[in-house]
Amino acid sequence: MRIPSLLGKIADDFTPSYNSDIIRQTPVLIAVTYIKGRCGFERDGSYTTGKKDRWQMFDVGICAQTFCLAAKEQGLGTVIMGIFDEDGIPSSSHTRRSGTGRLIAVGYPAIEPEA
């Protein structure tokens with residue numbers, strides 16, 4: 001079943017089936033984005049560490065985790081998805097230097113599984 005919306009386009013065209021099935025069920029999908037070339041650099045443009053310009057994904061992970069913990073406190077369930085066509089996800093950013101690091105499905109959970 002195709003969903004006639006931006007969520008449907010992301011589910012149908014840019015994610016594998018195991019993620020698209022989640023996206024089809026969620027009322028909200030958060031795209032955690034970043035600006036390329038901002039993390040891991042000194043003011044003079046040199047790299048801060050040997051990780052070079054890969055720090056943005058570390059920061060995206062921290063952001064996603066913090067968001068999900070805050071959502072849980074509000075009674076919401078979340079699913080973090082990192083496998084998708086990064087170049088295909090539509091962007092509302094005003095710059096071509098941005099990227100999408102994670103997708104997070106948000107909704108009210110049907111069950112509360114044991115830890």
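View 1. Y47 is partly exposed, as its relative accessible area is 42%; buried means under 20%, exposed over 50% and partly exposed in between (1.4 Å probe, protein chains only). F41 is also partly exposed, because its relative accessibility is 26%. The model is predicted: local features need pLDDT of at least 70, side-chain atom pairs count only at pLDDT 80 or more, and totals for chains, interfaces and linings use all residues. Residues are numbered from 1 along each chain as its sequence is written, and side-chain values use heavy atoms, with hydrogens and water left out. Rings of Phe, Tyr and Trp (its six-membered ring) pair if their centres lie within 6.5 Å; planes under 30 degrees apart count as stacked, over 60 as edge-to-face and the rest as tilted.

**View 2. The W55 and F58 rings.** The planes of W55 and F58 stand at 90° with the ring centres 5.2 Å apart, so this pair is edge-to-face. Both residues belong to helix α3 (residues 55–73), where W55 and F58 are three residues apart, about one turn of the helix. Helices (H or I, at least four residues) and strands (E, at least two) are DSSP runs, numbered from the N terminus. W55 counts as partly exposed because its relative accessibility is 22%. F58, with a relative accessible area of 49%, is partly exposed.

**View 3. The second largest pocket.** The volume of the second largest pocket is about 240 Å³. On a 1 Å grid over the protein atoms alone, a pocket is an open set of points where a 1.4 Å probe fits, with protein on both sides within 12 Å along at least five of seven lines; lining residues have an atom within 4 Å of a point. Grid points are joined across faces, edges and corners, and the volume is the space filled by probe spheres set on the points. Among the residues lining this pocket are I22, Q25, P27, V79, A105 and Y108. Helix α2 (17–25) and strands β2 (77–81) and β3 (98–107) each give two or more residues to the lining. By residue class, the lining holds seven nonpolar, five polar and no charged residues. Ala, Val, Leu, Ile, Met, Phe, Trp, Tyr, Cys and Pro count as nonpolar, Asp, Glu, Lys and Arg as charged, and the others, Gly among them, as polar.
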